[in-house]
Amino acid sequence: MAWLYLLLAICSEVVATTALKACDGFSKLWPSLIVVIGYVAAFYFLSLAVRVIPLAYAYAIWCGLGIILIACTGWIFYQEAISWSSALGMLLILGGVVLLKVGNAA
């Protein structure tokens with residue numbers, strides 16, 4: 001169940017961060033509400049996940065996957081470019097997340 005909570009934390013953080021650009025400095029109500037609710041949900045689910053998953057692993061996975069997913073949503077929704085070096089960096093982050101999970105299982 002802890003891994004589901006971590007996944008929900010990651011998804012909530014990605015939704016909130018994606019809406020952060022749309023809220024225009026918290027001047028637009030609905031995107032601003034999505035930001036606040038999303039971040040509250042993200043930290044709530046992260047707090048549930050770290051009951052079981054070691055904090056270092058949970059936070060590293062949360063950050064790493066969040067970075068990759070935010071870059072992808074920025075590319076999809078805001079037409080932000082992803083350079084080859086950025087893509088390589090994200091691939092390395094993904095490799096680090098996989099190593100953390102494999103190392104944690106061992």
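Reader: How many aromatic pairs does the structure hold?
Author: The structure, a predicted model, holds 4 aromatic pairs.
Reader: Take Tyr5 and Phe45. How far apart are the ring centres, and what kind of pair is it?
Author: The centres are 6.3 Å apart. The planes of Tyr5 and Phe45 sit at 15°, so the pair counts as stacked.
Reader: Which helices does that pair link?
Author: Tyr5 is in helix α1 and Phe45 is in helix α2, residues 29-49. They are 40 residues apart in the chain.
Reader: And which rings form a cluster?
Author: Tyr5, Tyr44 and Phe45, linked by ring pairs.
Reader: What about Phe43 and Trp62, stacked or edge-to-face?
Author: Edge-to-face, because the planes are at 65°, over the 60 degrees cut-off. Their centres are 5.4 Å apart. Phe43 belongs to α2 and Trp62 to α3.
Reader: Is Trp62 buried or exposed?
Author: Buried, at 7% relative accessible area. Phe43 is partly exposed, at 49%.
Reader: Switching to helix packing. At what angle do α1 and α3 pack?
Author: About 40°, with the axes 9 Å apart. The two helices are therefore oblique to each other. The crossing is right-handed.
Reader: Which residues meet there?
Author: From α1, they include Trp3, Leu6, Ile10 and Val14. On the α3 side, Ile61, Trp62, Leu65 and Leu69 are among them.
Reader: How does that contact split by class?
Author: The contact of α1 with α3 has 14 nonpolar, 4 polar and 2 charged residues.

Terms used. Residues are numbered from 1 along each chain as its sequence is written. This is a predicted model: local features need pLDDT of at least 70, side-chain atom pairs count only at pLDDT 80 or more; totals for chains, interfaces and linings use all residues. Side-chain values use heavy atoms; hydrogens and water are left out. Axes are lines fitted to C-alpha atoms, for helices over the stretch in contact, and angles run from 0 to 180 degrees between N-to-C directions. Helices (H or I, at least four residues) and strands (E, at least two) are DSSP runs, numbered from the N terminus. Angles under 35 degrees count as roughly parallel, over 145 as roughly antiparallel, 65 to 115 as roughly perpendicular and the rest as oblique. A crossing is left-handed if the near helix is turned anticlockwise from the far one by less than a right angle, and right-handed if clockwise. Contact means heavy atoms within 4.5 Å. Ala, Val, Leu, Ile, Met, Phe, Trp, Tyr, Cys and Pro count as nonpolar, Asp, Glu, Lys and Arg as charged, and the others, Gly among them, as polar. Rings of Phe, Tyr and Trp (its six-membered ring) pair if their centres lie within 6.5 Å; planes under 30 degrees apart count as stacked, over 60 as edge-to-face and the rest as tilted. Buried means under 20% relative accessible area, exposed over 50%, partly exposed in between (1.4 Å probe, protein chains only).
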